[in-house]
Amino acid sequence: MSQIISLSENRIHVAIEVTGEMDVRLLHFSSLPYDEATHKNAEQRKRCRLVEVQVTGENQDDHHGSKHTRTNPGFLLEYKDHRDFRNHEGRKLEIELEKDGLIVISHIQFYDNVSVVRAWTELINKSESSKGIEFVSSFALSGIEKEGLRCWSETSRLYIPHNTWYGEMQWRKYSLPELGLSPVNNVTLKRIAYNSAGTWSSSEILPMGCFENLESGSALIWQIEHNGSWHWELGEQAEHLYIQLSGPTENESHWWKELKPGATFTSVTAAVGVSCEFEKAIGELTKYRRLIRRENEDNKKLPVIFNDYANCLDGDPTTQKLKPLIDAAAEVGCEIFCIDAGWYSDGDWWEGVGEWQPSNVRFPGGIEEPLNYIRSKGMIPGLWLEIEVMGIHCPLAKMIPDDWFFVRHGKRIIDHGRYQLDFRNSAVVKYADQIIDRLVNEYGAGYIKMDYNINGGIGTELYADSFGDGLLEHNRAYLKWIDSIFKRYPELIIENCGSGGMRMDYAMLSRFSIQSTSDQSDYKKYAVISAAAPIAVTPEQCGVWSYPLTDNDEEVVFNMVNTMLLRIQQSGNILGITDQGQERIKQGIEYYKSIRSDIPNSIPFWPLGIPTYGDGWLSLGLKSAEKIYLAVWRLEDQQDTYLLPLQEYKGMDLSIKCSYPDPESCRHIWNKDCGTISITMLNRNSARVFEIEGI
């Protein structure tokens with residue numbers, strides 16, 4: 001006789017069935033209560049696997065194509081025990097399964113007052129022989145579309161976060177037939193699958209997604225929390241849609257693990273949340289991200305950063321060039337000044353990085369001279385670093401053994417003129433420690449921009465069961481090293497950068513307090529990235545460039561609005577613009593300082609929908625406890641006036657003002673009967689910030 005383990009926690013409804021044959025099935029995980037009638041037959045229930053695990057040599061007994069369905073022993077695992085308890089984060093559910101000596105524990109961690117769980121899978125080999133692991137899910141759920149009467153081909157929408165250099169966080173919404181998945185048969189080999197293989201976790205796609213059921217008014221959102229290879233897939237089995245989230249796999253990313261007797265393997269973690277629709281789901285994920293993030297002062301204080309790179313020195317700093325920039329940055333109100341790339345080389349440096357010693361040519365009085373000058377102006381000094389790579393022409397690279405680096409087929413891997421360092425090697429960790437210690441203790445750096453501009457590929461063959469196994473263990477070793485740095489230097493601020501947003505994931509961002517959102521150098525194109533950024537990263541972690549090249553007033557204001565509700569990373573031709581332009585920047589920074597205490601507690605929303613390239617108008621809102629901050633951009637649209645819907649506040653007497661650059665810089669009318677704001681901005685490529693009270 002079967003039993004149902006039923007939970008309702010933080011607006012998440014869960015139903016897990018344990019049959020009389022000890023089969024375990026995750027029947028339901030949703031914002032809606034469970035309705036047993038949504039499973040039409042026994043085969044649908046049988047397909048509701050709690051976890052999928054494929055072991056080498058076992059029969060994956062399914063007509064599956066590339067899908068990771070009906071895995072073995074995943075499909076044959078038997079219930080052993082479960083534990084339901086509370087810890088300091090919230091409720092915790094652990095379900096223990098077993099087959100032929102392989103113990104599988106599914107972990108589901110709830111967080112109080114947030115409709116998101118963190119899920120992962122633990123494997124323990126208690127048999128007397130090794131087991132080759134080809135695939136293990138962190139989270140698996142079948143029947144994600146099951147509420148409602150209409151076919152999923154009509155009611156389902158899938159949100160995909162496309163990503164690229166200079167064009168990060170470009171979300172698109174699709175019906176499943178638009179992506180090639182249609183209900184053509186009871187069994188289909190088609191899946192919608194996205195993955196990333198290598199050391200850049202987000203070079204094409206963010207490790208996220210969202211499924212929305214328009215008929216039932218429910219949404220399922222997820223993020224895979226890993227800084228290396230990952231995979232997720234959505235497909236159909238037994239007339240239900242399923243979702244699987246995982247880290248590296250053998251088929252997609254060359255990962256295979258020999259699990260020896262007595263050994264344990266833990267999958268990467270994944271966050272899974274529920275809500276009534278996409279935007280509300282992002283709100284829940286925002287709250288969850290704040291809970292799992294390392295406690296730090298930077299995300300409370302949000303200091304204003306000046307970085308000398310973008311549309312400024314472009315990797316060519318000298319003491320002579322820096323001092324007037326430092327003066328200007330201090331004058332407009334910046335609180336951190338970061339010397340970006342180039343400080344460690346006399347000239348061209350790309351293929352020679354690795355020793356990280358200051359250039360005496362650039363800094364005749366030593367790097368300490370500009371760093372001390374920054375400090376004398378009341379700012380925290382910072383330096384750029386790319387510690388995970390070593391240039392192929394670095395003298396040190398010729399003196400150290402191959403096991404410092406990724407190696408495949410007996411050769412060091414070279415990508416874009418650099419070798420990839422392997423942080424599993426204790427000598428590499430010691431080398432990296434010495435560099436950080438020197439920057440912090442000798443130079444006095446309180447801020448490090450940690451960049452990463454290569455993709456080391458699928459992994460390394462040294463001391464690993466597979467290329468992907470070497471990569472996964474390196475990824476984890478790097479995170480362990482980062483944890484040790486913050487333990488030694490808890491006040492140190494480290495920015496996560498990977499050619500902008502090419503490694504934007506919450507394995508990294510649960511540790512780093514600020515994320516470089518893009519290398520995009522056109523402020524008008526940056527607006528789309530900026531407006532979309534809080535979907536992927538909490539607002540207080542979103543570092544956005546403000547880099548005006550001219551003193552055109554609208555250009556300066558537009559740049560400031562791009563970053564006003566996030567994190568200011570000031571740069572640009574600040575010495576080449578007039579006093580009036582500098583004053584406008586100073587005004588913007590002063591305004592930012594007056595509102596920034598609200599940002600870490602605000603929830604983002606998008607009155608005009610998800611921003612995309614080609615939109616004529618964009619908007620991003622932050623809702624705090626007492627007011628709304630609303631950024632609005634007019635791009636190339638021909639209309640001077642646009643309607644922004646705020647239906648949630650229909651019928652309310654809202655007080656609305658243009659708070660930056662000034663109340664008279666545009667016109668606006670709140671129509672409470674319609675729940676819309678009419679905004680008039682007379683110039684194309686202009687932007688404004690509004691404050692809304694009375695909510």
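A charge sits over a ring when NZ of Lys or CZ of Arg is within 6 Å of the ring centre and within 35 degrees of the ring normal. Arg49 meets that test, with its charged end over the ring of Phe75, 4.8 Å from the centre. Arg294 also does so, lying over the face of Phe486 at 3.6 Å from the ring centre.

Before we go on, a word on the ground rules. This is a predicted model, in which local features need pLDDT of at least 70 and side-chain atom pairs count only at pLDDT 80 or more, while totals for chains, interfaces and linings use all residues. Residues are numbered from 1 along each chain as its sequence is written, and side-chain values use heavy atoms, with hydrogens and water left out.

Let us stay with Arg49 for a moment. Besides its place over Phe75, Arg49 belongs to a network of salt bridges with Glu17, Asp23, Arg25, Glu36 and Arg45. A salt bridge here is a side-chain nitrogen of Lys or Arg within 4 Å of a carboxyl oxygen of Asp or Glu. Side chains of opposite charge can pair when their charged atoms come close. The structure holds 53 salt bridges.

One of them joins Arg86 to Glu9, with 3.5 Å between the closest N and O atoms. This pair links distant parts of the chain, since Arg86 is in strand β5 (residues 78–86) and Glu9 in strand β1 (residues 3–9), 77 residues apart. Strands (E, at least two residues) and helices (H or I, at least four) are DSSP runs, numbered from the N terminus. Glu9 has a relative accessible area of 13%, which makes it buried, because buried means under 20% relative accessible area, exposed means over 50%, and partly exposed lies in between (1.4 Å probe, protein chains only).

Now look at Glu225 and Arg118, whose side chains meet in a salt bridge of 3.0 Å, N to O. Glu225 lies in strand β15 (residues 218–225) and Arg118 in strand β8 (residues 114–125), so this contact ties together parts that are 107 residues apart in sequence. Both Glu225 and Arg118 are buried.

Next come the rings. There are 27 aromatic pairs in the structure; rings of Phe, Tyr and Trp (its six-membered ring) pair if their centres lie within 6.5 Å, with planes under 30 degrees apart counted as stacked, over 60 as edge-to-face and the rest as tilted. Tyr111 and Tyr288 form an edge-to-face pair, 5.2 Å centre to centre with 80° between the planes. Tyr111 lies in strand β7 (residues 102–111) and Tyr288 in helix α4 (residues 278–292), so the pair ties together parts that are 177 residues apart in sequence. Tyr111 is buried at 3% relative accessible area, and Tyr288 is buried at 0%.

Tyr344 and Trp349 are also edge-to-face, 5.5 Å centre to centre and 90° between the planes. Tyr344 counts as buried at 11% relative accessibility, as does Trp349 at 15%. These two belong to one aromatic cluster that also takes in Trp343, Trp350, Trp356 and Trp384.

Finally, the sheets. Strands of a sheet pair through backbone hydrogen bonds, either parallel or antiparallel. Strand β11 (residues 156–162) has five of its seven residues buried, so it is largely enclosed by the rest of the structure. Two strands pair if DSSP finds at least two bridges between them; β11 runs antiparallel to strand β14 (residues 208–213), joined by four bridges, with Ser156 opposite Asn213. Six bridges, again antiparallel, join β11 to strand β12 (residues 170–175), where Ile160 stands opposite Arg172.

Further along, five strands form an open antiparallel sheet in the order β34-β35-β36-β41-β38. Its edge strands, β34 (603–605) and β38 (655–660), each pair on one side only. Helix α13 (residues 579–595) packs on this sheet, touching β36 (627–634), β38 and β41 (686–693), with its direction at about 135° to that of β38. Contact means heavy atoms within 4.5 Å; axes are lines fitted to C-alpha atoms, for helices over the stretch in contact, and angles run from 0 to 180 degrees between N-to-C directions.
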